[in-house]
Amino acid sequence: MANYGGARQGAGRPKGTLNKKHAELLAGAVSEGETPVEYMLSIMRDENADEKLRNWAAEKSAPFIHPRPAPIARPINIELPDTKSVEGIREAIAAITRAAASGQIAPSEAQSLVAVIETQRKAIETGELLERIEKLEKSVTAGTRR
């Protein structure tokens, strides 16, 4: 089947690539002299500079030299009830809240788990609504045939 619309694999500019304006601006800054990071590094390395200024330069330039690593996802092991019913979903969210409150899981992990359970709730709700609509359509159709 043909792929119509939407993102296609390999389409568009590769991630991290600068647009023309940004690339020109960066090239101009480099060709005209020191970049801001180079300037801060020169202050940090100047042994005659004030220590507070050197510390400031080190702090400000560090993220450009040593970026923070991305957080590593970890498996979460908590007991959750069956989420095939609305009551089970309520109980699961309560269990996740208790796990976050006790420090067993991080708040961001709890938020991610609740989002998954919310998707389950929406699926249940959609199924129930479809059943109700089908019943209503059948009753209307049966009522018009009399």
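**Entry 1**

I began with Glu118 and Arg121, whose side chains meet in a salt bridge at 2.5 Å, N to O. I took a salt bridge to be a side-chain nitrogen of Lys or Arg within 4 Å of a carboxyl oxygen of Asp or Glu. I note that this is a predicted model, in which local features need pLDDT of at least 70, side-chain atom pairs count only at pLDDT 80 or more, and totals for chains, interfaces and linings use all residues. Residues are numbered from 1 along each chain as its sequence is written, and side-chain values use heavy atoms, with hydrogens and water left out.

Glu118 and Arg121 are three residues apart in helix 5, so about one helical turn separates them. I used helices as DSSP runs (H or I, at least four residues), numbered from the N terminus. I then found a salt bridge between the side chains of Arg121 and Glu125, at 3.2 Å, N to O. Salt bridges that share partners join Glu118, Arg121 and Glu125 into one network.

I looked up the exposure of each partner, where buried means under 20% relative accessible area, exposed over 50%, and partly exposed in between (1.4 Å probe, protein chains only). Glu118 is partly exposed at 26%, Arg121 is partly exposed at 27%, and Glu125 is partly exposed at 37%.

**Entry 2: Arg74 and Glu109**

I counted four salt bridges by this rule. One of them joins the side chains of Arg74 and Glu109, at 2.8 Å, N to O. Arg74 lies in the loop between helix 3 (51-65) and helix 4, and Glu109 lies in helix 5, so the pair ties together parts that are 35 residues apart in sequence. Arg74 is partly exposed, with a relative accessible area of 44%, whereas Glu109 is buried, at 15%.

**Entry 3: Ala100**

I located Ala100 in helix 4 (residues 86-102). Its relative accessibility is 24%, so Ala100 counts as partly exposed. Leaving aside residues up to four places away in sequence, Ala100 touches Ile105 and Ala110, a contact meaning heavy atoms within 4.5 Å. Ala100 and Ala110 are ten residues apart in sequence, and their C-alpha atoms are 6.2 Å apart in space.

**Entry 4: two further residues**

I placed Glu134 in helix 5 (residues 107-144). Glu134 is partly exposed, with a relative accessible area of 46%. I placed Leu18 in the segment before helix 1 (20-32). Leu18 is partly exposed, at 37% relative accessibility.

Definitions and conventions: Helix = DSSP H or I, 4+ residues; strand = E, 2+ residues; numbered from the N terminus.
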